[in-house]
Amino acid sequence: NLIGAKEGIAHPALCYIDPGDISISPDPAYPVYEIGTMFAGGETHFVPLREENGYLLDFSKIPTDVARKAKTLWLNYPNNPTGAVADLAYFEEAVAYAKEFDLYLLHDACYTEVTFDGYVAPSILQVPGAKDVTMEFHSLSKTANMTGWRVGAAVGNSEMVDALMRVKSNIDSGLSQAIQEMGIEAMNLPQEWIDGNNAIYKRRRDKVVAALNEIGLEAKTPKATLYIWTRVPEGHTSASFAEKMLEERDVVVTPGASYGTSGEGYIRLSLTIPDDQIDEGIRRISGWSV
């Protein structure tokens, strides 16, 4: 078990990365992939996620010499911050690539249960042979609204999980029994509860996407995650448009560049705030033209 997936995601670099080693990471991405590598003395090679490619990491864009030197490859689908999703065929390609270049494949799967419109997110471990090279991370923070409880898990290749366990055994002593029992209760929640929870996020998603399109932003409707990722108007950077929304409409959004250089030109909006605050934010931008 993990003290939240964030902790587990930060520590594999201490298992596999020595000073000067390379980790391959998407860009934009959850910053902890890079930070964990930095703490271990490694370097991160970023692969841009492009809107025209559905924000899927394109393995053909990784230089062969980088792939041969790299130790780890990070993926994250459903994706934070873009909301992109990947199918099993893509995961098959990822597993084959990791095997070809002898990479540890690390998949952040924390949003697999937060899906909409009938979409079911696959686990990369469904791919035959994935367990030869892959460790996958999950969390109850999103699935069961347990962000502050810090309950996560790492599963997959037994040697990779064992390496992470040995690192962690010298850093922490795991979850308290009380928190573990809370996690067991959450894992026994019926699918109807999860569906109802996702229905709340779906209603918020639909409201926010509609409001953004009404003011002139071209927001797309994600099939999963808790976020709306949308391009900013021409003439703005992600930071300048976020500042404009704050100063002119008292609405806070996250500049895309905070997730990496390829996030420049986008903003991320979260669906995790209460309905009344979502409605108030929509009211504030209503009638605004960008």
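In this predicted model, the largest pocket has a volume of about 480 Å³. Its lining comprises 23 residues, and those closest to the centre are Glu51, Tyr55, Glu218, Lys220 and Trp229. Strand 7, which spans residues 227–231, contributes the most to this lining, with 5 residues. Sorted by class, the lining of the largest pocket consists of 11 nonpolar, 6 polar and 6 charged residues. Both domain 1 (5–188) and domain 2 (192–285) provide at least three residues each to the lining of the largest pocket.

The two domains named here are those given by the domain assignment of the protein. Taken over C-alpha atoms, the centres of domain 1 and domain 2 are separated by 25 Å. Contacts between them involve 26 residues of domain 1 and 24 residues of domain 2.

The second largest pocket holds about 400 Å³ of space. Of the 20 residues in its lining, Val251, Val252, Leu269, Ile273 and Gly281 are the closest to the centre. At least two lining residues of the second largest pocket come from each of helix 9 (191–214), strand 9 (266–270) and helix 11 (275–285). Helix 11 supplies the largest share of this lining, namely 7 residues. The class division for the second largest pocket is 12 nonpolar, 4 polar and 4 charged residues.

The structure also holds 1 cavity of 30 Å³ or more. The volume of the largest cavity is about 40 Å³. Thirteen residues line the largest cavity, and Pro12, Ala13, Tyr33, Thr37 and Trp74 lie nearest its centre. Helix 1 (5–10), helix 2 (12–16), helix 3 (32–39) and strand 3 each give at least two residues to the lining of the largest cavity. The largest share, 4 residues, belongs to helix 3. No charged residue is found in the lining of the largest cavity, which divides into 9 nonpolar and 4 polar residues.

The table sets out the volumes and linings.

| Space | Volume | Lining by class |
|---|---|---|
| Largest pocket | about 480 Å³ | 11 nonpolar, 6 polar and 6 charged residues |
| Second largest pocket | about 400 Å³ | 12 nonpolar, 4 polar and 4 charged residues |
| Largest cavity | about 40 Å³ | 9 nonpolar, 4 polar and no charged residues |

Thr82 is situated in the loop between strand 3 (70–76) and helix 5 (88–100). Thr82 counts as buried because its relative accessibility is 8%, and the cut-off for buried is under 20%. The side chain of Thr82 makes a polar contact of 2.7 Å with the side chain of Asn79. A polar atom of the Thr82 side chain also lies 3.2 Å from the backbone nitrogen of Ala84. When neighbours within four places in sequence are left aside, Thr82 is in contact with Pro28, Tyr55 and Trp229. Of these contact partners, Tyr55 and Trp229 are also among the residues closest to the centre of the largest pocket.

One joins Asn80 and Pro81, with omega at about 20°, and Pro81 lies in the loop between strand 3 and helix 5. Another joins Asp27 and Pro28, with omega at about 10°. Pro28, a contact of Thr82, is found in the loop between strand 1 (22–27) and helix 3.

Positive phi values are a further backbone feature. Most residues other than glycine have a negative phi, and most peptide bonds are trans. Asn145, which is not a glycine, has a positive phi near 60°. The position of Asn145 is in the loop between helix 6 (140–143) and strand 6 (152–156). With a relative accessible area of 39%, Asn145 is partly exposed. Asp250 likewise has a positive phi, of about 55°, without being a glycine. Asp250 occupies the loop between helix 10 (238–249) and strand 8 (254–255). Asp250 counts as exposed because its relative accessibility is 51%, the cut-off for exposed being over 50%.

Met160 belongs to helix 7 (residues 158–169). Its relative accessibility of 2% places Met160 among buried residues. Met160 and Cys15 are 145 residues apart in sequence, yet their C-alpha atoms are 8.3 Å apart in space. Beyond its neighbours within four places in sequence, Met160 is in contact with Tyr16, Tyr104, Leu105, Leu106, Val133, Thr134 and Met135.

Note on methods. Residues are numbered from 1 along each chain as its sequence is written. This is a predicted model: local features need pLDDT of at least 70, side-chain atom pairs count only at pLDDT 80 or more; totals for chains, interfaces and linings use all residues. Side-chain values use heavy atoms; hydrogens and water are left out. On a 1 Å grid over the protein atoms alone, a cavity is a set of points where a 1.4 Å probe fits but cannot get out, and a pocket is an open set with protein on both sides within 12 Å along at least five of seven lines; lining residues have an atom within 4 Å of a point. Grid points are joined across faces, edges and corners, and a volume is the space filled by probe spheres set on the points. Ala, Val, Leu, Ile, Met, Phe, Trp, Tyr, Cys and Pro count as nonpolar, Asp, Glu, Lys and Arg as charged, and the others, Gly among them, as polar. Domain bounds come from an automatic or database domain assignment. Buried means under 20% relative accessible area, exposed over 50%, partly exposed in between (1.4 Å probe, protein chains only). A polar contact is a pair of N or O atoms within 3.5 Å; within protein, one must be able to donate a hydrogen and the other to accept it, and residues adjacent in sequence count only if both atoms are side-chain atoms. Contact means heavy atoms within 4.5 Å.
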